[in-house]
Amino acid sequence: ASAVADDTAENETTGGVPDPCGLLSQDELASILGAAPGEGTVQGPSPEMRKVCTLPDGTILGVEVAVDYDATLAAVEKSGLDATLTDVSGVGDKATLITYDVGVLQLLAVEGDYFVDVTGMITEAQATALVKAMLAAI
């Protein structure tokens, strides 16, 4: 996705990267998660670079500038958390599934100017569907 050109108007109103809470409708989320999770709360430690949306069910959707992808993976590897990183094909330009020992999955995928990530107590199929839908929406 050529997000820089496509999101100019949205970025002018929200600042920085696209709002992950606004990428998917409740119907789209329900079709993937099995139930509508409710409206999310957007946060941005650095709105120009990263925004996250926390859904009421605890699922987290994130959008970040693509240049941060490798650094994010490196930070997970150095974190000391018990996690397994696996490359995933067929999702974006490059994708990595992170499985934490506590039953939480995180799927990160980079495409064009942004990378998106989904974190939660969800299945790999749900994470993949969410990431693909988010990438398509950017």
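Colleague: Which residue is the bridge partner of Ile-60 in strand 7?

Modeller: In this predicted model, Ile-60 is bridged to Thr-119 of strand 7.

Colleague: How many bridges join strand 3 to strand 7, and in which sense do they run?

Modeller: Strand 7 covers residues 114-120, and six bridges join it to strand 3. The two strands run antiparallel.

Colleague: And which residue stands opposite Ile-60 in strand 2?

Modeller: That is Thr-54. Strand 2 comprises residues 50-54 and pairs with strand 3 in the antiparallel sense, over five bridges.

Colleague: What do strand 2 and strand 3 form, and what is the phi of Gly-58?

Modeller: The two strands form a hairpin, with five residues between them. Gly-58 lies in the turn and has a positive phi of about 95 degrees.

Colleague: What follows strand 3, and where does Val-67 lie?

Modeller: Val-67 is in the loop that leads from strand 3 (60-65) to helix 4 (69-78).

Colleague: Buried or exposed?

Modeller: Val-67 is exposed: its relative accessible area is 69%, and the cut-off for that class is over 50%.

Colleague: How far apart are Val-67 and Met-49?

Modeller: They are 18 residues apart in sequence, and the C-alpha to C-alpha separation is 9.5 Å.

Colleague: Let us turn to the helices. At what angle do helix 3 and helix 5 cross?

Modeller: The axes of helix 3 (residues 26-33) and helix 5 (residues 124-137) cross at roughly 155 degrees and come within 9 Å. Helix 3 is therefore roughly antiparallel to helix 5, since angles over 145 degrees count as such. The crossing is right-handed.

Colleague: Which residues meet there?

Modeller: Helix 3 contributes Leu-29, Ile-32 and Leu-33, which meet Gln-126, Ala-129, Leu-130 and Ala-133 of helix 5. By class, this contact has six nonpolar residues, one polar residue and no charged residues.

Colleague: Now the chain as a whole. How many helices and strands are there, and how do they run?

Modeller: The chain has five helices and seven strands. From the N terminus on, the order is α-α-α-β-β-β-α-β-β-β-β-α.

Colleague: What share of the residues is buried?

Modeller: Of the 138 residues in the chain, 43% are buried.

Colleague: And what share of the contacts joins residues at least 24 apart?

Modeller: The share is 44%, taken among contacts between residues at least 6 apart in sequence.

Methods. Residues are numbered from 1 along each chain as its sequence is written. This is a predicted model: local features need pLDDT of at least 70, side-chain atom pairs count only at pLDDT 80 or more; totals for chains, interfaces and linings use all residues. Side-chain values use heavy atoms; hydrogens and water are left out. Helices (H or I, at least four residues) and strands (E, at least two) are DSSP runs, numbered from the N terminus. Buried means under 20% relative accessible area, exposed over 50%, partly exposed in between (1.4 Å probe, protein chains only). Two strands pair if DSSP finds at least two bridges between them. Axes are lines fitted to C-alpha atoms, for helices over the stretch in contact, and angles run from 0 to 180 degrees between N-to-C directions. Angles under 35 degrees count as roughly parallel, over 145 as roughly antiparallel, 65 to 115 as roughly perpendicular and the rest as oblique. A crossing is left-handed if the near helix is turned anticlockwise from the far one by less than a right angle, and right-handed if clockwise. Contact means heavy atoms within 4.5 Å. Ala, Val, Leu, Ile, Met, Phe, Trp, Tyr, Cys and Pro count as nonpolar, Asp, Glu, Lys and Arg as charged, and the others, Gly among them, as polar.
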